Amino acid sequence: MKKDLRGIPLIGADAFALDRYESALEQFQGYVGDPVATIDEALQASPGFIAGHLMKALVLYTLAERKFVPLAAQALEAARAHSAQANDREQGLIAATGLLIEGRWQAASRSIDHVLANHPRDALALQVGHLMDFYCGDALNLRNRVSRVLPHWDASLPGYSYVLGMHAFGLEEMNQYPEAEATALGALSIQPKDGWAVHAAVHVMEMRGRIEDGINFLVTREIDWAPGNGFAFHNFWHLALFYLDGAHHDRALSLFDRHVHPEPASFLLPLIDATALLWRLHLEDVDVGDRFERVADDWQARLDGEAGFYAFNDAHAAMALAATGRESALAQLTLRMQDATRQGDTNAAMTRDVGLPLTEAVTAFVHGRYADAAARLESIRDGAHRFGGSHAQRDLITLTLIESALRSGAANLARHYTAERLTHKPASQWGARLWARAQSAAPLSSAA
Ligand SMILES: [Fe+2]
């Protein structure tokens, strides 16, 4: 029986298919090239390659767009057609992929973990599990899923750096900043081009308000993480956030134009970042030209297909539609989200608990109902991890809450949440700007 380079047994693969599987796996881990095209080469040569079909299904599914679900389901069916020959790992991945396609993300994540219990060096299962933990906002398992397999890995195994990169990000999302940074640097000492490990270190700098460190880290390493990397848009987005902190709006917009949204988006992940960047600028009343219109065009073109699939996507669509005054499209999106809450899948709870209230808050904000926006945002802020994303992405909720509080005259409320920001990010100029506005808005009754 064939095994991959980490000793994972694979049914139905010849030597060529195995070679393509390894290449596709590294493309998936490193965000380089097109792993689906690569694994398709393997499947053409070896149609009975079960893990090849599963890799295709999982790579497509973890793009988190409804439009890829039929293709993922097709690949799963191709795997199932050979399930009589499948080994235990492949049976486990078939079950997990089926749960994903049913929209039962948390059950799928547990199912993937059972595969990892028996095959802790299954780099495909680990990568998919990590991404689903991210989409589920499961910070504990962003760290601990990797912790549970880490003793089975060492530097002699291909892809070890990616495992460290994942662990670094999980540590960061669990607020273990020194450990996260050291682990990310360890990953980068092995594979300097690992954009996910770069990203983990950058998140540490973002969360601690180490703005200059973040800019220097990204700029000096750009030659490693940017060229040809499908994840570079997101690290450029982080660089833009650092520039926003210092109110260097021109630099942030230049990065937007060149790297975050240089053309109509092909995928939703960069469209989310484009939206989140423009929304932050919207909060600061910065003129962004026609950029929000172009981003809203991208969302509106996808509304029929994607609305109601994933609350995190929908909430970003809502920001673009709201900021550009597209009332009818926003109402249509809201209806679709209300429908989504009645489904029995993971997204139903995400939409009910976070996505829909956030969309209603954003709507209230653009209509000038700032007190209403602030109240809605307060009610979801501390549980908003449940619809996925990172702390840095969800910071937009707090920023919108503070801005809503300032605009509604609730200066003490604005000061309250800005104080949290100042404590965690003492060097952040954005926090200082908000603090100054809150201080000038109204005096405190019991403290200086
Ligand atoms: Fe990030």
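Hi everyone! Let me start with helix 12 and helix 13, whose crossing is left-handed (the near helix is turned anticlockwise from the far one by less than a right angle; clockwise would be right-handed). Before going on, please keep in mind that this is a predicted model, where local features need pLDDT of at least 70 and side-chain atom pairs count only at pLDDT 80 or more, while totals for chains, interfaces and linings use all residues. Residues are numbered from 1 along each chain as its sequence is written, and side-chain values use heavy atoms, with hydrogens and water left out.

Back to our pair. The axes of helix 12 (residues 211-225) and helix 13 come within 9 Å and cross at roughly 150°. Helices here are DSSP runs (H or I, at least four residues; strands are E, at least two), numbered from the N terminus. Axes are lines fitted to C-alpha atoms, for helices over the stretch in contact, with angles from 0 to 180 degrees between N-to-C directions. Helix 12 and helix 13 are therefore roughly antiparallel (over 145 degrees; under 35 is roughly parallel, 65 to 115 roughly perpendicular, and the rest oblique). Which residues meet? From helix 12 we have I211, G214, I215, L218, V219, E222 and W225, and they meet A232, N235, F236, H238, L239, F242, Y243 and D245 of helix 13. Contact means heavy atoms within 4.5 Å.

Two of them link distant parts of the chain: H203 sits in helix 11 (residues 195-207) and H234 in helix 13 (residues 232-245), 31 residues apart.

Are H203 and H234 buried or exposed? Both are buried (under 20% relative accessible area; exposed is over 50%, partly exposed in between, with a 1.4 Å probe and protein chains only).

The axes of helix 15 (residues 268-283) and helix 21 (residues 391-407) come within 10 Å and cross at roughly 20°. That makes helix 15 roughly parallel to helix 21, and their crossing is left-handed. The residues that meet include W279 and R280 in helix 15, and L399 and E403 in helix 21. On to helix 23 (residues 429-441): its axis and that of helix 21 come within 10 Å, crossing at roughly 20°. That makes helix 21 roughly parallel to helix 23, again with a left-handed crossing. Here L399, I402, E403 and L406 of helix 21 meet W430, L434, R437 and A438 of helix 23.

Next, the loop between helix 20 (370-381) and helix 21, where F387 lies. With 1% relative accessibility, F387 counts as buried. Setting aside neighbours within four places in sequence, its contacts include Y135, F312, M350 and R394.

Most residues other than glycine have a negative phi. A247, in the loop between helix 13 and helix 14 (249-260), has a positive phi near 60°. A247 counts as partly exposed, at 33% relative accessibility. D285, in the loop between helix 15 and helix 16 (291-306), also has a positive phi near 60°. With a relative accessible area of 64%, D285 is exposed.
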